[in-house]
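Welcome! Please take a look at the model below, and then we will walk through some of its features together.

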Protein chains: 4
Amino acid sequence: MYSCLFLRILGAPWEADTRPNDVMIVTLTEGADPGLVRDALAGLGLWASPFEGRRGSVQLFVHSHSGDVNRERILSVAGVADISEPASRHPRVDVQAASVRFGEIELGGEAAPVLMAGPCSVESEERIHEVAERLAAIGVRFLRGGAYKPRTSPYDFQGVGTDALRWLREAADANDMLVVTEALSEASIDSVAEVADLIQIGSRNMHNGALLDAAGRTGRPVLVKRGMAATVEEWLSAGEYCLAGGAPAVVFCERGIRSFDDRTRNLLDLGSVALLRHVHQLPVIVDPSHGLGRRDLIPHLSRAAIAAGASGLLIEVHPEPERALSDGPQAVTFEEIDSLARDLRAEAPSAIFATG
Amino acid sequence: MYSCLFLRILGAPWEADTRPNDVMIVTLTEGADPGLVRDALAGLGLWASPFEGRRGSVQLFVHSHSGDVNRERILSVAGVADISEPASRHPRVDVQAASVRFGEIELGGEAAPVLMAGPCSVESEERIHEVAERLAAIGVRFLRGGAYKPRTSPYDFQGVGTDALRWLREAADANDMLVVTEALSEASIDSVAEVADLIQIGSRNMHNGALLDAAGRTGRPVLVKRGMAATVEEWLSAGEYCLAGGAPAVVFCERGIRSFDDRTRNLLDLGSVALLRHVHQLPVIVDPSHGLGRRDLIPHLSRAAIAAGASGLLIEVHPEPERALSDGPQAVTFEEIDSLARDLRAEAPSAIFATG
Amino acid sequence: MYSCLFLRILGAPWEADTRPNDVMIVTLTEGADPGLVRDALAGLGLWASPFEGRRGSVQLFVHSHSGDVNRERILSVAGVADISEPASRHPRVDVQAASVRFGEIELGGEAAPVLMAGPCSVESEERIHEVAERLAAIGVRFLRGGAYKPRTSPYDFQGVGTDALRWLREAADANDMLVVTEALSEASIDSVAEVADLIQIGSRNMHNGALLDAAGRTGRPVLVKRGMAATVEEWLSAGEYCLAGGAPAVVFCERGIRSFDDRTRNLLDLGSVALLRHVHQLPVIVDPSHGLGRRDLIPHLSRAAIAAGASGLLIEVHPEPERALSDGPQAVTFEEIDSLARDLRAEAPSAIFATG
Amino acid sequence: MYSCLFLRILGAPWEADTRPNDVMIVTLTEGADPGLVRDALAGLGLWASPFEGRRGSVQLFVHSHSGDVNRERILSVAGVADISEPASRHPRVDVQAASVRFGEIELGGEAAPVLMAGPCSVESEERIHEVAERLAAIGVRFLRGGAYKPRTSPYDFQGVGTDALRWLREAADANDMLVVTEALSEASIDSVAEVADLIQIGSRNMHNGALLDAAGRTGRPVLVKRGMAATVEEWLSAGEYCLAGGAPAVVFCERGIRSFDDRTRNLLDLGSVALLRHVHQLPVIVDPSHGLGRRDLIPHLSRAAIAAGASGLLIEVHPEPERALSDGPQAVTFEEIDSLARDLRAEAPSAIFATG
């Protein structure tokens with residue numbers, strides 16, 4: 001029947017019962033009392049509004065910010081005849097595993113938080129080797145660094161380019177680290193994919209379907225940063241573009257959204273991090289450097305991010321922030337990241353990491 | 001001189017050197033290189049843009065999301081002639097102590113996090129006594145509960161009123177707890193002040209100067225929740241209304257701001273919590289119940305709030321959320337808050353609380 | 001039956017068929033093709049998403065930003081069995097007339113746009129008389145002016161108070177004008193009501209139920225400014241508080257909402273003005289002074305506001321903006337408002353006013 | 001000297017005195033009274049805050065939402081020693097002409113508003129010819145239609161592709177129309193440039209520097225839609241990428257920004273349209289279709305957009321919206337656009353177009 005075709009092009013959502021709840025329509029049995037059903041749903045953590053039909057139908061509409069509840073549990077509430085939902089826009093993301101393996105490193109799930117760090121941009125061969133060596137000693141597993149930089153103005157420093165990619169790879173290899181670096185253009189995605197263990201798509205390109213698809217086609221895992229004003233659904237759909245293109249896995253990265261207040265550079269949304277980790281069961285990390293833009297708050301929000309459920313942190317480090325070619329004010333020093341890394345290790349076995 | 005009068009009506013901002021930085025103008029010495037000064041400021045964590053004058057003046061403008069830096073340190077940078085700033089809009093808040101005492105309980109600073117909990121609204125005398133007794137056993141020190149409820153619609157349940165205030169006080173007294181409850185109206189502020197150890201001003205009234213002033217005039221400490229779209233500066237200025245009115249102290253409460261995404265009820269801004277605690281050195285707590293609206297995320301964000309620097313949590317609890325007269329879907333059960341309280345106690349001596 | 005009671009406490013929404021559409025659930029007849037029904041609804045301007053039930057139910061969910069369509073028309077679409085909706089939160093607002101009469105002046109509906117103007121604050125008796133005389137000559141029908149000013153800081157100028165109310169009334173009477181002025185406090189609402197033909201509730205108090213209710217109880221019409229981050233539904237519900245309290249009529253005023261961009265003081269939302277005027281059929285005016293904060297853009301957006309459907313404009317005028325005690329930079333001069341008034345008169349019979 | 005090099009890499013901003021004001025620092029002469037200078041600046045429409053220096057310097061900071069004022073006028077205020085500003089991030093945009101010529105058609109400046117219309121996506125050869133013929137008869141000068149569609153989900157209809165480009169060009173040529181169509185990818189930008197008189201960059205790609213640059217390199221004029229949460233400065237900088245890449249001209253298009261209210265699909269910001277047209281003197285058009293998403297409000301906001309200063313409208317039209325492959329609910333019919341076109345013609349000589 002057409003209705004099935006229409007709704008099931010991408011597979012059978014009802015078989016994927018682990019898919020988290022979002023909006024729902026709850027249809028009542030005849031004669032059921034909508035007030036009582038609403039109360040029962042409230043008991044389960046669902047915000048439900050009664051809808052009354054012109055010709056007698058009565059439903060409850062369950063809002064998006066309700067808690068996640070097993071569907072069978074909802075169907076078992078007295079007075080509930082059926083629940084219906086829209087098809088998922090991101091079925092591949094829905095069934096992706098909670099963690100991703102990079103050789104011996106596991107990112108996501110119950111694994112210990114992973115540190116990714118490095119300079120905003122790769123500035124010279126010597127500098128990136130020095131940085132990699134010191135970060136490796138601290139326990140940082142992914143070396144980050146921009147070869148291409150997304151900038152608001154075409155006249156700002158745009159990154160060193162392909163040479164920087166090579167230096168980054170060599171510095172990582174010399175220190176047994178993995179590489180995460182940003183791709184800015186379809187034209188250079190293949191050279192990025194050659195050196196990157198994890199290809200970063202920045203927030204400015206989260207809605208750029210062509211680049212997301214191209215990143216997926218490289219066959220590399222992709223780190224998808226949330227767009228400046230992207231909803232969680234749009235963010236997950238950006239990941240879907242990568243998986244549909246061919247990426248083996250997607251890691252999500254919250255880096256702050258746009259706000260009306262300028263006391264922090266962006267507004268870090270840790271609620272969405274908890275949602276992705278604990279409800280969607282997806283690997284999600286946090287970039288507190290861009291999220292806050294303030295070196296003095298980065299350690300505090302790094303801990304908060306882990307407590308909320310982040311499986312890793314992506315942090316800008318610079319040995320001499322006053323000499324950084326970009327984003328110096330938000331770069332932390334080796335001493336600061338070392339102190340943070342020690343704290344995270346110390347707390348690793350404790351409740352803040354075992355919040356699952 | 002007029003210029004002094006103009007700027008110093010509220011006291012001498014320069015004497016209050018502990019006041020955190022916000023925007024600043026940095027004037028250069030003659031012949032200084034703005035690029036080098038900018039780099040030096042970046043090294044300190046300051047985002048500075050050069051401004052070039054038509055008649056030769058050169059300044060750097062330091063943005064609001066810069067890190068907090070001792071002013072003498074900035075003045076000591078080579079090439080810096082002077083730094084200038086606007087007068088504070090909230091001089092009394094600037095000099096308030098980092099913690100507030102309520103008898104034997106200390107809220108803020110290095111004190112252990114304080115739990116405030118109770119039902120969204122006080123529904124009956126028996127119920128609030130039962131709730132208080134169980135919460136006290138868990139270690140909750142403040143009993144919360146609404147006698148008056150701010151509601152979007154005039155037809156929603158508006159709270160039980162003055163009887164509820166009495167029940168709340170008696171239930172708290174019977175269990176050696178303190179009372180925090182919301183005042184909604186100038187007309188009833190005195191009856192609220194009679195029972196409350198801490199008068200709550202809700203987010204809907206954060207811009208209501210008449211009520212803030214009236215709350216201050218009662219002589220009670222005031223809990224100021226952040227408005228739905230209030231900047232940090234406006235939030236602090238709301239506290240200033242209370243202190244100017246006569247309040248002995250203000251405690252700030254982040255409860256989520258309005259967002260474009262509806263997967264959480266509001267958007268919890270933990271960056272602003274870290275800012276108030278670690279930079280402004282003010283007592284600040286978090287209400288994860290309204291911040292998220294999702295029972296399933298409240299424990300995770302409660303831990304994150306403490307890690308970010310919150311000195312307490314304000315949480316909605318209901319023994320039977322399916323029978324709550326309001327906000328049932330976001331109420332947690334006794335079991336859930338007990339588990340959270342245990343975690344917080346266990347972690348109390350650890351790094352997540354000693355983030356200062 | 002309980003279900004009816006539950007949903008119909010405030011009257012029978014189904015009898016008020018002129019109430020505009022918002023979200024809806026469309027239930028399909030058995031065997032109907034959801035794709036075809038969705039296309040037919042798209043043809044009517046409705047954004048509908050299919051929801052598929054676990055136990056066979058199929059519905060379409062109609063989104064809030066759909067066009068307004070007669071319900072009988074929707075019910076007549078082939079395959080539609082029923083449509084259901086939540087009860088209105090503002091039934092009195094829904095049935096309020098499109099225009100309000102103030103003596104010989106009609107505000108709203110097809111009436112010519114009404115100008116309301118005056119200084120941000122009433123500064124002296126002489127000054128307000130001078131202003132009133134000149135504005136009356138230009139064709140301004142409502143004299144505005146603040147006796148009490150809502151200010152972010154308690155140390156900013158708070159208005160002259162009760163004397164200013166008297167001066168305002170006398171100046172209006174002397175020039176055959178009406179008075180619109182803001183009430184900030186329950187304590188002074190009666191003195192405001194004594195002089196005001198239209199009581200203004202400012203954006204900072206739009207969520208202040210106690211004040212909205214008190215304004216309603218005075219028996220005066222109320223001007224409800226939209227809150228800084230208020231949804232249209234919340235704005236209408238604020239009006240409902242006034243009507244439920246006893247106000248004979250409510251006029252809505254868009255004055256800009258909070259935004260992330262600071263090139264205008266606020267973000268003027270003319271889409272919501274068109275929505276209130278053309279879909280909800282309510283009297284709505286625009287305050288371009290606060291909406292933009294820029295004198296150079298006020299004339300352009302004033303025309304745009306009228307074109308969008310505003311039934312009036314509320315504009316800050318000052319004979320000498322450089323001497324204004326508050327908001328001088330956004331005050332326009334007599335010459336500027338005269339020029340605007342002439343344009344509006346010239347265009348009054350033309351299409352931009354006959355957009356209904 | 002380095003300071004000059006540092007600030008003047010892109011030319012001498014001070015020679016471009018027509019560049020509109022944004023933030024400024026006003027340095028006072030020794031002994032000047034900051035209160036008096038502030039009042040004088042308020043008289044000019046400038047919001048200025050006094051900054052007091054630790055070592056005696058006094059400045060006023062002029063905020064971004066101030067009116068545009070000739071710099072010589074500011075410098076002539078008694079007590080003003082100098083004004084300083086940051087270098088422009090978009091010097092080529094600053095000096096672009098107010099209007100762009102496309103053969104006999106002029107877009108921008110004092111020229112009559114230009115209509116651009118067509119279907120959301122080009123669906124078939126016959127259909128686009130039919131649409132073009134009817135739109136040409138109505139007076140529409142640009143035929144729009146998507147060959148490539150940016151979609152949130154990779155499973156949504158992505159457009160017909162290169163065939164659609166050819167059909168679009170042929171349909172336009174057959175009716176003496178120009179073509180505006182969107183480029184989504186660096187890979188297909190050259191085929192888009194072959195058929196387009198104006199290359200559209202959509203809001204999802206406004207921050208995609210690689211695509212903006214590629215569009216510029218084609219040598220075609222570029223239509224830059226504002227990003228969902230882009231500031232005006234970022235929007236202008238996106239235009240700068242195109243001009244720096246080689247585009248002969250840029251036209252800006254406001255299409256609504258993201259909001260917390262869902263009664264309209266997006267939030268149309270006509271204040272920014274007035275700013276670009278009347279202050280920046282740039283060609284700017286409005287897309288009310290995406291801005292509102294509601295067919296019933298499009299005519300009203302189209303008129304408002306022209307009144308605010310838009311030099312054109314970009315509107316989605318479909319002969320049978322119920323058969324549209326995308327965005328049917330917001331497509332207007334031929335009858336509706338004909339009626340709108342007639343109104344605009346009738347009003348063309350009137351004040352709403354002579355708003356300069």
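## Two helices side by side

In chain B, α5(B) and α6(B) are roughly parallel to each other, a label given to angles under 35 degrees. This is a predicted model, in which local features need pLDDT of at least 70, side-chain atom pairs count only at pLDDT 80 or more, and totals for chains, interfaces and linings use all residues. Residues are numbered from 1 along each chain as its sequence is written, while chains are lettered from A and ligands numbered from 1 in the order in which they are written.

The axes of the two helices (lines fitted to C-alpha atoms over the stretch in contact, with angles from 0 to 180 degrees between N-to-C directions) cross at roughly 30° and come within 9 Å. Helices here are DSSP runs (H or I) of at least four residues, numbered from the N terminus. Which residues of each helix make the contact? Two residues are in contact if their C-beta atoms, placed from the backbone, lie within 7 Å.

| Helix | Residue range | Contact residues |
|---|---|---|
| α5(B) | residues 125–138 | B:E125, B:I128, B:H129, B:A132 |
| α6(B) | residues 162–174 | B:W167, B:L168, B:A171, B:A172, B:A174 |

## Where chains A and B meet

Moving on to the chains, 57 residues of chain A are in contact with 57 residues of chain B. On the side of chain A that touches chain B, α10(A) gives the largest share, with seven residues.

Definitions and conventions. Parallel < 35°, antiparallel > 145°, perpendicular 65-115°, else oblique.
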